[in-house]
Amino acid sequence: MENYSIFRDLAIILVTAKYFGIIARRLNAPQVAGEIVAGLVIGPSILGLVQNSDFIVQIAEIGVLLLMFSAGLTTDLKKLVKTGPIAFLVACCGVFVPLVGGTVLYRVFYGGTGSESFYRALFIGCIMTATSVSITVQALREMGHLQGMVGTTILSAAIIDDVIGIIVLTFVIGLKSDDVKPSGVIIQTVLFFLFTIVVGFVFYRVFRYIDEKHPHTHRLSILGLALCFALAYIAETFFGIADITGAFAAGIILCSIKDSDYIAKRIDINSYMLFGPVFFAGIGLKTDISDIDGSILLFSAAFILVALATKIVGCGLISRICRFDTADSLKIGVGMMARGEVALIIAQKGLAVGMMEPVYFTSVILLIIVSSIATPLILKILYAKYPDGDQKEHRF
């Protein structure tokens, strides 16, 4: 290897991402927001210490696969089944309403009549569909409401929401190609999930056998990681599906074996130490603030308002229809409005396939910061005013 500058770049990225993450956490903002800002500061837009390169892009791609694999591994299928139809309906509305709202927002700002403009608008809506499970879960856990009916519904709906969002992302990306027909995208998506079910059952049995014979061994983590990369490759190469969908599916396959937490912890070490910081800082490196003007700032403000409002309206309204009272419905809507890693992953994928300009990362980053701070604060206010078991005396 002749270009040793990559080692310098990695050192700068890791140190700055770590300490900017600490600063963000102390300011009650998500750590990933600090890592993104770190990439922005050291990147071409400000200090110019690190230039984006193919090597960093490839490391970041591994980082996003590990994040999605870990998300699949930590999915609680039993809890998903327990909350069942209500959480599914909340999740569906939590995807549909923001998808429509984001699409309309982009069309209002930038217009356009061609298919390319429509797909870009649809992709902006796709970014809005994601929900951050970790932020809401942490807030509910601190308040002692995670195990209640409202908390369980939010948690399950948020997980289902991200699954549906990834499927929507896969569909939207597939539509971008002029040679691809919507019916073909649907068929390819269905075939991939049928393939995943069949192959997943086989690999689940294999991993369960290995887990019973050799529990808590490194081979489980290594084989699990290999499955993640293999399904990511198969998804992209043979089905035209986003690679992150394959990585997430690999995590779902293994989430029910006894040592799923063990595998997740080993994967998280790699993600936390190297691949995650490079991925989030890489977003900052790609963000071009030199082109930001008044129209972008105005769009960002509207983007944030629409993203927050559509989650509250979509999830809250269907919760009310499902016979939650008004206060509980509002809690569910607010609990679903936080955005985090999945929104970044979707935005990153859109940038990679040319469906989004780098300048719009500013809107996504601001949405994550605002929603991550606003969600816990509003939930605390709602639970203080309308405690569990007392909401029916306090209807709006």
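Helix α12 (residues 294–321) packs against helix α15 (residues 361–385) at an angle of about 45 degrees, and their axes lie 9 Å apart. Helices are DSSP runs (H or I, at least four residues) numbered from the N terminus; axes are lines fitted to C-alpha atoms over the stretch in contact, with angles from 0 to 180 degrees between N-to-C directions. The model is predicted: local features need pLDDT of at least 70 and side-chain atom pairs pLDDT 80 or more, while totals for chains, interfaces and linings use all residues. Residues are numbered from 1 along each chain as its sequence is written, and side-chain values use heavy atoms, without hydrogens and water.

α12 and α15 are therefore oblique to each other, a class left after under 35 degrees (roughly parallel), over 145 (roughly antiparallel) and 65 to 115 (roughly perpendicular). The crossing of α12 past α15 is right-handed, the near helix being turned clockwise from the far one by less than a right angle. Contact means heavy atoms within 4.5 Å.

| Helix | Residues in the contact |
|---|---|
| α12 | F299, S300, F303, I304, A307, L308 |
| α15 | S363, V364, L366, L367, V370, S371 |

Of these residues, nine are nonpolar, three polar and none charged; Ala, Val, Leu, Ile, Met, Phe, Trp, Tyr, Cys and Pro count as nonpolar, Asp, Glu, Lys and Arg as charged, and the others, Gly among them, as polar.

The second largest pocket is lined by 18 residues, with F193, T196, I197, A249 and I252 nearest its centre. α4 (77–110), α7 (149–176), α8 (182–213) and α10 (243–254) each give two or more residues to this lining. The largest share, six residues, comes from α8. The lining comprises 14 nonpolar, four polar and no charged residues. A pocket is an open set of points on a 1 Å grid over the protein atoms alone where a 1.4 Å probe fits, with protein on both sides within 12 Å along at least five of seven lines; lining residues have an atom within 4 Å of a point.
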